[in-house]
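Me: I am new to this structure. Please walk me through a few features, one at a time.

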2 protein chains.
Amino acid sequence: MFRAVTRSPGPPDERRVDPLLEVRHRGRGKRPGDAYVKIVRPFESKFQRGDDEGELIATERTVLDRRGRTAALRKLRTWLIGRPIHSEREEHERLTKLKGLAIFSSDNISSSAYGPEEIMRVLALAGTGALTLTLPLAGLITVMLAIVTVSYRQTIKAYPKGASSYIVASDNLGSTMGVLAAAALLIGYVVTVAVSVSAGVAAITSIVPEVFDYRVVISVSLVVLLMVGNLRGIRESGTIFMIPTYAYLVVMLAIVGFGVVRVLTGSVGEFQAPAAWASIEQGGQALGLFLILRAFSQGAVALTGVEAVSDGVPAFKPPEWKNARTTLTWAAIVFAVLFVGIAFLVTVLRIIPDPTEEQTVLSLLVRHLTGDGVILVIAQIATALILVLAANTSFADFPRLSSFLGRDGFLPRQFAFRGERLAFTTGIVALSLMAIGLLVGFNASVSGLIPLYTLGVFIAFTLSQAGMLVRWWTRREAGWRPGLLINGLGAATTAVVALVVGTSNFFQGSWLVVVLVPLLMALLMAINRHYRDHAASLQIDRIPDAKEVAPRPIVIVPIARLDRPALQAIAFANAISTDAVAVHVTNEPEEADELRQRWPSWASSTTLVVVESPYRALVGPLLAYMDALQEQAPDRPIVVVLNEVVPRHWWENLLHNQTGLRLKLRLFSRPNTIVADVPYHPTRD
Amino acid sequence: MFRAVTRSPGPPDERRVDPLLEVRHRGRGKRPGDAYVKIVRPFESKFQRGDDEGELIATERTVLDRRGRTAALRKLRTWLIGRPIHSEREEHERLTKLKGLAIFSSDNISSSAYGPEEIMRVLALAGTGALTLTLPLAGLITVMLAIVTVSYRQTIKAYPKGASSYIVASDNLGSTMGVLAAAALLIGYVVTVAVSVSAGVAAITSIVPEVFDYRVVISVSLVVLLMVGNLRGIRESGTIFMIPTYAYLVVMLAIVGFGVVRVLTGSVGEFQAPAAWASIEQGGQALGLFLILRAFSQGAVALTGVEAVSDGVPAFKPPEWKNARTTLTWAAIVFAVLFVGIAFLVTVLRIIPDPTEEQTVLSLLVRHLTGDGVILVIAQIATALILVLAANTSFADFPRLSSFLGRDGFLPRQFAFRGERLAFTTGIVALSLMAIGLLVGFNASVSGLIPLYTLGVFIAFTLSQAGMLVRWWTRREAGWRPGLLINGLGAATTAVVALVVGTSNFFQGSWLVVVLVPLLMALLMAINRHYRDHAASLQIDRIPDAKEVAPRPIVIVPIARLDRPALQAIAFANAISTDAVAVHVTNEPEEADELRQRWPSWASSTTLVVVESPYRALVGPLLAYMDALQEQAPDRPIVVVLNEVVPRHWWENLLHNQTGLRLKLRLFSRPNTIVADVPYHPTRD
């Protein structure tokens, strides 16, 4: 509590305060005349001295130590996301190629789990006969992947500090194209989370159909789990992520190898669909070019993971770009083997997708090859895990991209702030909320979400490749001719895919992306415009010649009655001004008379002005009074010293402070006004 | 804008400010040496000088003149509820008996419109034969009314300043009983609004059955209309209220007279129920004592309006209590004639209530007597109007009672504040919202709401009468013996009715009152306890010997970067302190280095302390730093000078001020801390 009231009057007994917290202790040495100055540092547990003059370094305790009602919140937070991490820790957390493959390629590799199925589901619209096209389409997609991978190897080398499409496009095609790429990617990342989690849950419901009805709840819970995990900063701890990725790789490569051997040796028969499926209406559409293009578009989702490695280049151990490139190549190869292998097997074994969506094609394949046993369960668990991990890729990418955008002023600045665990808290929370929205809105259906997915990513790919093209052409660095060729091919390929995806799936959902991307772009650019105007309006044009002193402020203290808070406010006003005025606005003249009579014995040397308010308004007359004072001295700022009682419980706010709050809001928008809040803490007795 | 930044340095050119707004103009007279002082009053349009030293009186312009974005809101408000009214106007607004009858008795008189019907609806549960009991029950209720009226005549004389049950019970039975009466009345008033409006709307739907489905919407709109009207202060303008009351009186007395004549002359036949009603299941219950008591309880609603006149005694012209008594007596007589007359007619004409609830009994009666013509329409319109007006009685009573409770600290203080139009704004709005809740919850059904209605009012009646009993007994004033007898009879009667109403309708809805009244009582008493504790903790025990000066505050200025708002905040800090410290909390050491290098040329004589925050927290390290300063000088308050940019649009708050807000919340609960907000208004360019 502010002690003015309880102190005895007279000149205050002031202690000097050292802002650098080095309390100098003057004393005498052992021999006479041996004066010395000893520096005591009583605050070492909270602050250390920095290298430079006037610099302190806060310790962890400044964050963890809390008093009063926020202490419990702090404990909950520490329990949930852990103790804060020192900024310098970041440097030490670099990834080996093996860990990098696990973290950044899980999105890509995991596409092999649902990519073939998505192709087949479209083809099946033209009857099961059309499913023979699965393998050729998978082959085509693999060729595209090769082109994109080679292209991105160039990009990674050129942008070793992070080759996000946003950065490459901004750098070479201008800020508008950069924002377009960013908008497309942001949407893509949100959909990635929704798709991957849905697919992961589908892998589980394939073997435990009883939980199929709860898939939305399960999906949402997984997203919340990912959110909390990422707020803890699990991004840095690659080891636990290696397990699912490599488990999936080993299990799937083994099953595909086993399957190919059995097919080549003719020791496995064709798939027989359950009788129940026959009753479900399927097929019926003609197998035209449009349907084939749609099937291709659904499969092209497999390429979407390529961006992740490029984004994360700076996270690798040095030489960063070389390690990232190698990782990218390996990821592409592993994916291609699995993707083509699975497509081959389902085609020759004539597996058809489950029209009830209860079982995935992959689980049908594994069951057909290995039976209803432990291998199926292992395969499905590994699939589920890598798919959830793939969602986690977005939890690394979205916050990083939004931090770039926050830094550059396209998103609110808080996106650029690292939280206590070095994670971009705002981005992680925003991504989680939007993904949950999608999961609920689309009922956690993979097929429903896929059309939203691919278009955004391919727009970003195209802009990135086009950016590289411009870069080669303008810089003409060593090797620019092959570079131009490679990225040109990449740009052409991705542009074609973007076009195919956008048009063939337009009515299935990509129209939403076509609508959302420009809206998001407009938002990003409006935010940027605001920040730029804002910064310009606050900039200081000149460095002042000497220390600036504001004109002596006019100090007024609105008081409601003679009580402790009022006394405290007047005491403070008198401490900062020699001619503070107490103002009592009232609609009860008798009460005001009483106040005026008691005043001299109470605060004799402070002027009291009573403003009678016969219309019973408080704020209006007070502001008008301030205007009248202001007119007399337009240069002097007016300080309004408010006394406010700090409630002990939140509900007490309903019984107090209503007027104070309204007054503060109005004063806040009054020019040349300073509001000084003198809170009074009632003592418990 | 605060001009510190643009002024050239040097001692400020300060103008003197006269807090009493009397700018003294020193000059010379015409003859040499003839100095004079002329007092100029440039602020007369906004402030007049009061009679006492240091007193100003605000004019209407201080309320009406607004700048900026609040100006439009002000205009809307003036359009909706009118210009503010001067406090002194209240004295002039007294009521004649004629107006008093219209305003305060509409609740009572209007009960005649639905009272008989409510009795009949219960009796009809035992078959149409039981309806012959309607007349005897109506007679019994009229006898009770006589007793209560005579009782209340005593109360009015004893409490000429307002004879609300709350006041009478508090005064004689202690505060707890007073609060019980208040809680019962508050609930009763809310139900009155809901019941009266529902009944008024039922009068309309009887002749325009097409709007029956919209009765909730119509009812809610009427409540909103009453709310706005009362916020305008229509309570004072009795004339427009006289029309519906007297129209209803004239029309109904005429119809009842006409009906009685026709019945006595035998020129009207018995009522024949439409064939359609026969198919609706009715009757079947046995006509036991319980059912008769329930019917009586439903009819007792007719007595609920008696309290209104007693509440409003001070609103009458002098001699207030005499005029109020006369008005009360007349109201009772008029009501009795109508109530018994209608009960007589429906009994002899064998009118039965419409089981579909589409037509009221009163409209059936009028239609039976006068046919489907213009008289029916007039009667229904007059009924609808007086019923809505009866709701308005609660709009006078509820806010007045809640203002007493606010004044005494049982409800939040804002209930005691008169708004711009002298109306108790908070009470009016609270009543409207609760009544709307009831209307929606009970689907605007009169029969559904009635059981909630009567019990609360009769509890209050009983307490008021019992209070009078105690008063006679303890004071033994002139005429105490007959007084004791009258109020004793009144107390016994109302207590019996309260008991009958509470038990017979318990499961039909009065259980809700039995639950709500104690809850509301507990709330009122908790609020009172809080206010008392609060006032005690703020009270000043001693009058200080001399002017109190707070210890010189420690002033710190947290700054984020070198911009105009920061400069302005530092300028203010230097104006109130000679050793203000600027604090820069940062997680980016490079940026801090740059700031430190530019600092000397920028604010050379203000100390800059850089607090490096390697855990990226801002609030925690700043508070820890303040604690470290505080430990060095526990007596000195710490002033935190915050610079904040005032956004030009509300949405800009999403992009700024997040940290500032969090900081303010934490600082607000820190003892010995003063927050000075220096808002910066960006210039438009």
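Reply: Start with strand pairing: two strands pair if DSSP finds at least two bridges between them. Helices (H or I, at least four residues) and strands (E, at least two) are themselves DSSP runs, numbered from the N terminus. Here, β7(A) pairs in the parallel sense with strand β4 (residues 55-58) of chain B, over 3 bridges. In that pairing, Val610(A) stands opposite Glu55(B).

Me: What should I know about the model and its numbering?

Reply: This is a predicted model, where local features need pLDDT of at least 70, side-chain atom pairs count only at pLDDT 80 or more, and totals for chains, interfaces and linings use all residues; side-chain values use heavy atoms, with hydrogens and water left out. Residues are numbered from 1 along each chain as its sequence is written, while chains are lettered from A and ligands numbered from 1 in the order in which they are written.

Me: Which strand of chain A pairs with β7(A), and over how many bridges?

Reply: Strand β6 (residues 581-586) of chain A does, in the parallel sense, over 6 bridges. Thr586(A) stands opposite Glu612(A) there.

Me: Why is β7(A) called largely enclosed?

Reply: Buried means under 20% relative accessible area, exposed over 50%, partly exposed in between (1.4 Å probe, protein chains only). In β7 (residues 607-612) of chain A, 5 of the 6 residues are buried, so the rest of the structure largely encloses this strand.

Me: What covers the buried residues of α17(B)?

Reply: Contact means heavy atoms within 4.5 Å. The buried residues include Gly427(B), Ile428(B) and Leu439(B). Their cover includes α8 (175-207), α9 (215-231), α16 (374-407) and α18 (446-475) of chain B.

Me: What follows α17(B)?

Reply: Asn443(B) does, with a positive phi near 60 degrees. Ser445(B) lies in the loop between α17 and α18 of chain B. At 16% relative accessibility, Ser445(B) counts as buried. Leaving aside neighbours within four places in sequence, Ser445(B) is in contact with Ser198(B) and Glu357(B).

Me: Which rotation superposes chain B on chain A?

Reply: Copies are superposed by least squares on the C-alpha atoms of residues with pLDDT of at least 70 in both. Here the rotation is 180 degrees, with 0.1 Å of shift along its axis (RMSD 0.2 Å). The two copies are thus related as by a two-fold rotation axis. In chain B, the C-alpha nearest the axis belongs to Ala676(B), 2.0 Å away.
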